[in-house]
Amino acid sequence: MAKGGTATLQETLKAKLDYEQLTNCMRCGFCLPACPTFKETGIEAESPRGRISLMKAAVDGIMEPNVMFEEQMNHCLGCRACEPACPADVKYGQLIEQAREAVELHTTQHRWWVKGIRKAVFKQLFPNQNRMRMLGAAMKVYKKSGVQTLVRKTNAVGLFSDQLASMERILPDASGKGIVELMGTRVDAKGEKLGTVGMFRGCLMDVMFTETNQKTVELLSEAGFEVVIPEAQNCCGALHAHSGEKEQAKELAKHNIRAFQEAGVDFIISNAGGCGAILVEYDHLLHDEPDWHEQAIWFAKRVRDISTILVEKGRPLKYAALAEDLGPVTVTYQDSCHLRNVMKGGQAPRQLLQQAAGGAYVEMKDAGSCCGSAGIYNITQPEMSNQLLEHKMENVNATGARYLVTSNPGCHLQMKLGIEKHGCSGQMEAVHIADFLYERLVRQQ
């Protein structure tokens, strides 16, 4: 065993898993048609019901959790589409994170270098905003210096993985400066002030989608909000929690709670569905820490997605007609799984897009099904990820859309990858909803 000490995986699962949630599952099967991996394979073990059965069997001593058990826990996308479909309200997302935490303590499947990379990324890179900005600066140099051109000509990345080579081709323009360096820590409301909101800038969002963060702040300001950007905030902890690094996720959560409480904000705004989903569940993440639970509740109940706050609390924004030189424009929307299934924020983006697109919004078939990004799933599970992406692109292409709008950076990159693979780059563009809305906004004078 890798890190589990003298305990067995079975014993660790007993300690980590919420047995009440395991027994709440009625095995009714309503989750099956909602689950992407089950729809792809038709295999019971690839469904939420099947994975819960495996967890319970391991805890009850009916089976010894083995490599197959570990693979099934890791093969789940974590999209949580099963939760809205469940009549018993089983907290599947919590169970899969608990199972992965136990697995990570005992796994022997990692190659020798994986542990070092995990430690560097999860403990040294993501929690440190200065290092993230250094990464952004390095990526900028990589793209501007000609190194990227050389790498592509020699297929250097492809020597490691075809999937990584594909992902490299759709890297966004990174920045060595985050939103605080560009805009400061406070931006005034335009017109009458309706409230004060805190902007959660994220880690990857802040260096890989800096302009999107800027436009998010500008939208909030136009809608009547004073925007505070606490400089002390850090990574949300989502990738840590999803990858079995729960204790590190807790430390990151505590740091963020403290930063936003000191800022004295009315709401905490996220523009990334994956980040928002864990932010809104900080109360669960810290439920077993009495010194932090009340503060976590304070934080979680204030978290809102950018689309939701604009629709529910903001001043109505005026959008200009689409630019004439673009010609006829059709817009469609790809749901962020976590925004839709965890934050229950599926309608607000559509409402805003219908307003901004001037009646040219087209609903995509199965827009709420997972695109296959799922954090780093498209890197760790490329085969399943690519299958899901292919099916998604069939539905995307059927809309004839000029703009494919998303609400999450992972979805954004995945859809860029799909557009690239299908040779549609000249006819279609994947954009974040904040970018799309801002470009069509009639600014207040």
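Contact is taken here to mean heavy atoms within 4.5 Å. In the predicted model, Ala102 touches Leu9, Thr12, Leu13 and Lys16 by this criterion, when residues up to four places away in sequence are not counted. Ala102 belongs to helix α7, which spans residues 92-106, and it counts as buried because its relative accessibility is 0%, where the limit for burial is under 20%. The C-alpha atom of Ala102 is separated by 9.7 Å from that of Glu70, a residue 32 positions apart from it along the chain.

An open sheet of five strands is present, with mixed pairing and the strand order β1-β3-β2-β4-β5. Strands β1 (186-187) and β5 (303-305) stand at the edges and have a single partner strand each, so that one side of each is left without a neighbour in the sheet. The pairing of β1 with β3 (residues 225-228) is antiparallel and extends over two bridges, with Arg186 standing opposite Val228 of β3. Helix α14 (residues 210-222) packs on this sheet, where it touches β1, β2 (195-199), β3 and β4 (267-270), and its direction makes about 145 degrees with that of β3.

Most residues other than glycine have a negative phi. Arg80 lies in the loop between α5 (67-75) and α6 (82-85), whereas Lys344 is found in the loop between α21 (337-341) and α22 (347-356). Arg80 counts as buried at 8% relative accessibility, while Lys344, with a relative accessible area of 57%, is exposed.

Technical notes
Residues are numbered from 1 along each chain as its sequence is written. This is a predicted model: local features need pLDDT of at least 70, side-chain atom pairs count only at pLDDT 80 or more; totals for chains, interfaces and linings use all residues. Side-chain values use heavy atoms; hydrogens and water are left out. Helices (H or I, at least four residues) and strands (E, at least two) are DSSP runs, numbered from the N terminus. Buried means under 20% relative accessible area, exposed over 50%, partly exposed in between (1.4 Å probe, protein chains only). Two strands pair if DSSP finds at least two bridges between them. Axes are lines fitted to C-alpha atoms, for helices over the stretch in contact, and angles run from 0 to 180 degrees between N-to-C directions.
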